[in-house]
Amino acid sequence: MDYLLVDDRGICEEIKVPDREFSNSPYRLYRFLNDLEDLLASISSDRDRLQAICPLVQRLLTSSYWLQVPEQPPDPELGWSVQMLYDEPFFPLTVQLVAWLPGIASPIHNHGAWGLVALISGKEKNTFWRRSPTVEFPGKIERVGDRVITAGEIVTFMSDTIHSIEALGDEPTISFNIYGETNYEQRFEFDLDTMSAQIF
Ligand SMILES: [Fe+2]
């Protein structure tokens with residue numbers, strides 16, 4: 001499995017994770033959340049956190065077949081659906097199953113939080129951007145590159161990473177997503193035409 005990290009300059013690199021042997025016992029969602037909470041308490045760097053979370057996600061998805069299919073197919077009007085698996089007030093973590101219809105593209109955005117997207121099925125083009133502000137246009141960005149993510153890959157983001165996604169192929173994409181605590185004052189959508197950034 002490939003683990004990728006996209007930094008806040010839009011550079012995509014592979015994360016090296018040592019091979020680990022997992023027991024064959026089921027890895028239930030509540031145990032995964034326990035491990036995640038312990039890990040977040042003991043590691044403060046988002047980059048190190050993401051590196052440590054990747055193998056846990058791989059173990060969870062390998063163990064839990066019920067996570068392979070979302071309860072809700074993508075909404076035909078919106079083009080996507082979100083099934084919240086975990087979201088608790090006053091705890092900085094959300095876990096979701098997300099589905100996108102083929103051909104649907106997202107706005108260009110950052111999340112204001114670290115994030116992890118494990119693609120379970122389908123194919124998704126991720127385009128990476130970085131800020132290139134001018135005095136006149138402080139919200140101006142420029143494209144850095146792109147990468148097609150396929151099922152079995154995990155891509156992780158820092159809180160200021162800017163990306164846009166497009167579901168490719170003939171079938172919906174399904175992904176398992178985790179986000180840290182969102183800083184809503186630092187979460188933006190970017191408009192290429194007006195070269196501006198808007199909080200969303
Ligand atoms: Fe995103």
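**A tour from the helix pair to the iron ion**

Helix 1 and helix 2 are roughly antiparallel to each other, a label given to angles over 145 degrees. This is a predicted model, in which local features need pLDDT of at least 70 and side-chain atom pairs count only at pLDDT 80 or more, while totals for chains, interfaces and linings use all residues. Residues are numbered from 1 along each chain as its sequence is written, and side-chain values use heavy atoms, with hydrogens and water left out.

Select residues 29–42 for helix 1 and 46–63 for helix 2; they pack at about 170°, with axes 11 Å apart. Helices are DSSP runs of H or I with at least four residues, and strands are runs of E with at least two. Axes are lines fitted to C-alpha atoms, for helices over the stretch in contact, and angles run from 0 to 180 degrees between N-to-C directions.

Next, display Leu29, Phe32, Asp35, Leu36, Leu39 and Leu40 in helix 1, which meet Arg49, Ala52, Ile53, Leu56, Val57 and Leu60 in helix 2; contact means heavy atoms within 4.5 Å.

Then select the iron ion, coordinated through NE2 by His109, His111 and His163 at 2.0 to 2.1 Å. Donors are N, O and S atoms within 2.8 Å of the metal (3.2 Å for Na, K and Ca); water is not among the atoms, so sites may look incomplete. His109 lies in strand 5 (residues 108–109) and His163 in strand 10, so this pair ties together parts 54 residues apart in sequence.

Notes:
Angles under 35 degrees count as roughly parallel, over 145 as roughly antiparallel, 65 to 115 as roughly perpendicular and the rest as oblique.
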